[in-house]
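Colleague: I'd like a close look at just one part of this protein. Could you walk me through it slowly?

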Amino acid sequence: MNAIEMKHVTKSYPEFTLKDISLSLPSGCILGLVGENGAGKSTTIRLLLNGISRDSGEITILGRDNRSREFVQTKEEIGIVLDEAYYPEVLSAGTVSKMMQHTYKSWQQDTFMKYLERFSISDKKQFKEYSRGMKMKFAIAVALSHRPRLLILDEATSGLDPIVRDEILEIFNEFTRQEDHSVLISSHITSDLEKISDYIAFLHQGRLLFCEEKDRLMEEYGIVHVTSKNLSDVPPDAIVARREGKYATELLVKRALLLESIEVEKAGIEDIMLFLAKKGDVH
């Protein structure tokens, strides 16, 4: 079963349209959702959670339509972390835990306290005393402490230092070691997503340019540097997109269509995004 399925989902606003989005997240996997600011990442997440209504299409979360009555129960199994952790500033972790016992039927006090200990978060300090890193760790601890099967994270690692980000990414990896646990993580930090994602979905100006296995993307695409003299050595059907420089041209290419004699560099997720965003489509 897929943890998330979107089929031909469209949502229109006066100045922006998220158009015909189809993607899926298999159970036990991590899907990285990438795109520039305003591409539609947060809109996609709000649609998944039924925070806004879709104009057309189908959305299924953990096997249930997200507009069905049963989806209220399904939300118990979804851990959510947004780009800002929103808790009353005067509350301590201990007080928040008591509140969550009345919010989630499956709240696990012991699990929550273990995460606080792991993250070195005092259950006595007020929320306003936490650093940004501590606030995000706290929100993740809450999300992981009511037996979720799916984590949905919207820029949860933005603004954090590399050490804290690495610690949090390891938590997500641990979470998906159980085959029925899955993660959707929206982030503009592509290096983080390269570390942990099984799949990458790229939104650009409200369109989904691709949703592919990360390893397949890395194997399929490469970068070739050419001048006007040796451009003809590259088969035209291998060229996906190009970027003109003063002295040379960078080509995003499909490796399988190149001659072995052509030197190809690795293309990272960010490279692929930049080339395709400029081109606006995928071959």
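Colleague: Are helix 5 and helix 6 roughly parallel or roughly antiparallel to each other, and why?

Modeller: A quick note before we zoom in: this is a predicted model, where local features need pLDDT of at least 70, side-chain atom pairs count only at pLDDT 80 or more, and totals for chains, interfaces and linings use all residues. Residues are numbered from 1 along each chain as its sequence is written, and side-chain values use heavy atoms, with hydrogens and water left out.

Now, the pair. Two packed helices are described by the angle between their axes and the distance between the axes. Here, the axes of helix 5 (residues 132-143) and helix 6 (residues 162-175) cross at roughly 5° and come within 11 Å. An axis is a line fitted to C-alpha atoms, for helices over the stretch in contact, and angles run from 0 to 180 degrees between N-to-C directions. Helix 5 and helix 6 are therefore roughly parallel, a label for angles under 35 degrees.

So who touches whom? On the helix 5 side you'll find G133, K137 and I140, and they meet V164, E167, I168, I171 and F172 in helix 6. Contact here means heavy atoms within 4.5 Å.

Stepping back, the chain has nine helices and 14 strands; these are DSSP runs numbered from the N terminus, with helices being H or I of at least four residues and strands E of at least two. Of the chain's contacts with a separation of 6 or more, 69% join residues 24 or more positions apart. Its C-alpha atoms fill a box of roughly 70 × 40 × 35 Å, taken along the principal axes. Finally, 48% of the 283 residues are buried, meaning under 20% relative accessible area with a 1.4 Å probe, protein chains only.

How values were computed:
Angles under 35 degrees count as roughly parallel, over 145 as roughly antiparallel, 65 to 115 as roughly perpendicular and the rest as oblique. Buried means under 20% relative accessible area, exposed over 50%, partly exposed in between (1.4 Å probe, protein chains only).
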